[in-house]
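Please read the following note with the sequence and the model at hand. It is arranged as numbered points.

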Amino acid sequence: MFKSLARSARYYCSSSSSISSPRLLGKVAIITGGASGIGKSTAAEFIKHGAQVVLADIDTKLGQLATHQLGSQAHFIKCDVSIESDIKEAVESTLAHHGKLDIMFNNAGIAGSAFPPSITDLDLEEFDRVMTINVRGVMAGIKHAARAMINHRSGGSILCTSSVSGLMGGLGPHPYTISKFTVPGIVKSLASELCQHGIRINCVSPSPIPTPLVINQFSNLFPEAKEVEIIKMVNELMGALKGGAKCEEIDIALAALYLSSDEAKYVSGHNLVVDGGFTSFKNLNI
Ligand code: NAD
């Protein structure tokens, strides 16, 4: 089975490894949107702590590059989270390959088009597109991961990515903001049902980090700006609010590591906001 999966056009595995500490030793994780940004950094942290990680991502080129960089504990499966059968296949392939699923990180997301000026101009097809990936994709991931964990009577940890845009309006376009507000609601709605099966569910809410998702958004707003200028702009905007500290992918990866590990065995239904106090400021000058 392993060989046929490894040979299959949709499942790739690279060849070097490095395990330094055992916080996730022996655990098997799927990370959607694992080929880039927060997902990729989280995969690196999970692997460093002893996990096998399946990167489930729509982008095959980025996914293969990421597995190559992350080593033999990383595997890639092409998966569009907006297609339920893709998620089902990602979970089934992981079970076939690794025999279990301990951690499901529903992290894939899109920003959608940059800042539609008003609700009166909202393109509802664009709204559906964002909700299909950012909300329905999360639901599909939870559904199929929970099925696997319940069938295996193994318990598990499910984690989803919300955002500071899920705590306040005006930071992003309406469809994105609404989709991110929904994620903590999903977590709250499902925590009590899942805890009966020993499954914890939480979400993490990052503040802006200059990943490709954010860089593309800023590029739409400032078409003349170079990528390096955009990264500086995002870091200065956030850093200025917090005395120079900036949110980095590793900050979210470490939050995900905690929530996915047995150290958080009594934490469920929680939204861990990683924003350096950003959403607590009284006057946001942005
Ligand atoms: P990113 O662009 O670096 O990574 C997103 C990944 O998701 C990419 O690899 C992309 O190929 C993948 N993806 C997109 N659509 C997909 C689909 N339909 N199916 C499967 N994979 C798909 O961006 P990121 O910032 O790392 O974003 C990860 C998550 O973090 C998103 O949910 C985003 O909304 C959230 N988030 C990001 C920030 C930020 O500032 N970067 C802040 C708050 C929340």
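1. The model is predicted: local features need pLDDT of at least 70, side-chain atom pairs count only at pLDDT 80 or more, and totals for chains, interfaces and linings use all residues. Residues are numbered from 1 along each chain as its sequence is written.

2. The protein chain has nine helices and eight strands; these are DSSP runs (helices: H or I, at least four residues; strands: E, at least two), numbered from the N terminus. Of its 286 residues, 47% are buried, that is, 20 or more other C-beta atoms, placed from the backbone, lie within 10 Å of the residue's own.

3. Two residues are in contact if their C-beta atoms, placed from the backbone, lie within 7 Å. Among contacts in the protein chain with a separation of 6 or more, 71% join residues 24 or more positions apart.

4. Ser205 lies in strand E7 (residues 199-206). Ser205 counts as buried because 24 other C-beta atoms lie within 10 Å.

5. The ligand is surrounded by 29 residues, the closest being Gly33, Gly37, Gly109, Thr211 and Leu213; a residue is near the ligand if its C-beta atom, placed from the backbone, lies within 6 Å of it. Helix H2 (37-48) and helix H7 (212-221) are the elements that give two or more residues to this shell.

Note on methods:
Buried ≥ 20, exposed ≤ 12 C-beta atoms within 10 Å, placed from the backbone.
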